[in-house]
Amino acid sequence: MGTPPTNAQPTNAALAGVLETIADYLSLEGASVYRIAAYQRAAESFREHPGSVAALATAGELQRLPGVGEAIETKVLEYLRTDSIELLTQMRARYPESVLELMHLPGVGPKTARRMFDTLGVVDIDDLRLAIDTGDLLKVPGFGAKSIERLAGIIVRQAARPDRSLLGTVDPQAEDLLARLRELPEVTAAESAGSLRRRRSTVRDIDLVAASIDAEALFDSFAAFGPVARVEQRGPTKLVARLQSDLMVDLRVVAPASFGDLLQHSTGSAAHNVALRALAQRRGFKVSEYQVEHSASGAIHTCTSEEEVYALLGLAWIPPELREDRGELQAADEGTLPNLLRLRDLRGDLHVHSDWSDGRATLEEMALAARERGLEYLCFSDHSQSLGVANGLTPDRVRAQTVAIRELDSRLDGITVLCGIEVDILADGSIDLPDDVLAELDVVTASIHSGFGQPQPQIQARLDAALENPNVHVIGHPSGRLLTRRPPYALDAEALIEGAVRTGTILEINAAFHRLDLSATHSRLARAAGALMAVSSDAHDPTGFDLLRYGVGEARRGWLEPCHVVNTRPLLGLRECLGRSSR
Ligand code: DGT
Ligand code: CA
Ligand code: ZN
């Protein structure tokens, strides 16, 4: 065993960050792509390592990690020993680290960042903003009025970037911790709580609750879990830890008799809990994280399950995704809670990519992966021609792919493979493939991938063109948001939904966890207006089907039931939904 990690040991994410900073500096200084890639590869391998990279390095075993050679090992040991790296110190003396941030702005890159620094002395975003305002940036070769305007927009959005993590990156880490907790002899139950359990698309931290009569032993075991980098706070019932990924975990422990009380409290949301407690008070109860008290008699109930908490107040159990104080208490009281969509309700997937465009697997590999997950049908929807970076399909390639898909379908049992396309809605509002090509396909999804900065009427005109096109069945990722990275384009959600209902066009809930688009808020509006949705994976490789559960989470947050989601229907029912009302 290596030296036990001390509190001063950097997390895996921190060490990866150091290597990434070196890689960034190297690209700023124009080093060879191989040298840069070596640091990036090692950083990736640090992030993926389940235990402590620092401990591995101290034990002299760092080169066991993929992509780590002697040069990297030396740098890491130097860092662990001296808290700095000579190479990095030298590069920092030449360029302030804030220049790297400039380099990562979309459309900037290493050469431009250097030019801005060398010619104007721009070292950070504040300087850049000033250079834009004074017009100085025009002096930097390569910049024109248009590109400057675009950059100004990007800076505004960067400033608003929140400190939250994507559900899809956090969820697997929480599942791993839960599995470890549940294996401990001193633990009788363990669940996630907080925004994670409510399936919010982004979360601030991992909240966990566990039932045990021995919190001390539980905390000792937890502190020794591989992904736990260090314990930052520890009290009798609560522990706060930082993971190797730099995520924070809040772990609370309670006696098994009160597990339901604590789980209900810790799941939140804060707004739901406030409303629940007010309702409880009106009904003569006092709810806390440990018990439900009958105010008049002083009788105390502890609840092993959440169902008991809600039942004591005369309410049906409320699924965590609904607990946002948006009418769920009234629905629970009246017995009108929705029968929410579940993952197993999905029978097919309408948005799947293959290596015909930017996917990483063949048609057959994707179809087999879908079948393995119990899907009854899937529709390939590779990109269309204008998306050159994604190797989009020309009309000829669409026809060739159709032949390949029909052939595959005829030879595969247990799954139906459909022909589709994710056709671009171009910046001028035209559809990227001719109607006669689209008309041959089973499912046509139309998406916006460019012109995000257009004003609302122009965006709506493009969406209208797609909605009104009788060959288009689905609008893909309708708002264009990339969570924590890019806000939606100027979408008029009500106009979109109205158009979808009028034309019988389906709205996609894209399950890729950086999209989750439609958002829950919009899905709920769409449901109320009578629109139909499809929860689709946008899978680019066989593991992509695992994303469907995030789409289901977002749909549940939008109060959707199976009847609102077309791909819960068997193939025949789906085909009925594809016949548009305007035809
Ligand atoms: P987040 O962490 O920003 O993604 O969102 P949450 O909802 O996970 O918030 P967090 O981690 O601060 O707290 C987890 C839950 O614990 C929260 O949803 C409700 C409950 N909670 C936390 N602090 C309080 C409090 O001061 N009062 C009440 N009533 N509940 C609280
Ligand atoms: Ca939280
Ligand atoms: Zn797309």
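**Figure 1. Helix α24 lies across the seven-stranded sheet of this predicted model**. Axes are lines fitted to C-alpha atoms, for helices over the stretch in contact, and angles run from 0 to 180 degrees between N-to-C directions. Contact means heavy atoms within 4.5 Å. Helices (H or I, at least four residues) and strands (E, at least two) are DSSP runs, numbered from the N terminus. The sheet is open, with the order β11-β12-β13-β14-β15-β16-β17 and parallel pairing. Two strands pair if DSSP finds at least two bridges between them. At the edges stand β11 (348-352) and β17, each with a single partner strand, so one side of each has no neighbour in the sheet.

Residues are numbered from 1 along each chain as its sequence is written, chains are lettered from A and ligands numbered from 1 in the order in which they are written. Local features need pLDDT of at least 70, side-chain atom pairs count only at pLDDT 80 or more, and totals for chains, interfaces and linings use all residues; side-chain values use heavy atoms, with hydrogens and water left out.

**Figure 2. Strand β16 sits between β15 and β17 in the sheet order**. Five of the five residues of β16 (residues 506-510) are buried (under 20% relative accessible area; exposed is over 50%, partly exposed in between; 1.4 Å probe, protein chains only). I506, E508 and N510 point one way, and L507 and I509 the other. Strand β15 (residues 474-475) pairs with β16 in the parallel sense over two bridges. V474 has I506 as its bridge partner. From β15 the chain passes through helix α21 (residues 493-503) to β16, a right-handed β-α-β crossover. Right-handed means that, with the strands pointing away from the viewer, the path from the first strand over the helix to the second runs clockwise. Four bridges join β16 to the parallel strand β17 (residues 533-536). Here N510 stands opposite S536. Helix α22 (residues 520-529) carries the chain from β16 to β17, again in a right-handed crossover.

**Figure 3. F545 belongs to the largest nonpolar core**. A nonpolar core is a set of buried Ala, Val, Leu, Ile, Met, Phe, Trp, Tyr and Cys residues joined through side-chain atoms within 4.5 Å. This one has 58 residues. L378, I421, L463, L507, V535 and F545 touch the most other members. Helix α17 (residues 363-372) gives the most to this core, with five residues. Residues touched by F545 include V352, M366, L375 and L378. A second, separate core of 50 residues includes A23, L105, A113 and I154.

**Figure 4. A five-stranded open sheet has mixed pairing**. Its order is β2-β4-β7-β6-β5. The edge strands, β2 (189-193) and β5 (228-234), each pair on one side only. Neighbouring strands are turned by 25° against each other on average, direction ignored. Five bridges join β5 to the antiparallel strand β6 (residues 238-243). V231 stands opposite A241 in β6. Helix α10 (residues 167-183) lies across β2, β4 (206-211), β5, β6 and β7 (248-254), at about 15° to β4. Helix α12 (residues 215-223) touches β4, β5, β6 and β7, and its direction makes about 160° with that of β7.

**Figure 5. Two aspartates hold the calcium ion (ligand 2)**. The protein donors are D205 (OD) and D207 (OD), lying 2.2 Å from the ion. Donors are N, O and S atoms within 2.8 Å of the metal (3.2 Å for Na, K and Ca); water is not among the atoms, so sites may look incomplete. D205 is buried, with a relative accessible area of 7%. D207 is buried at 17%.

Technical notes: Lists of a residue's contacts leave out its neighbours within four places in sequence.
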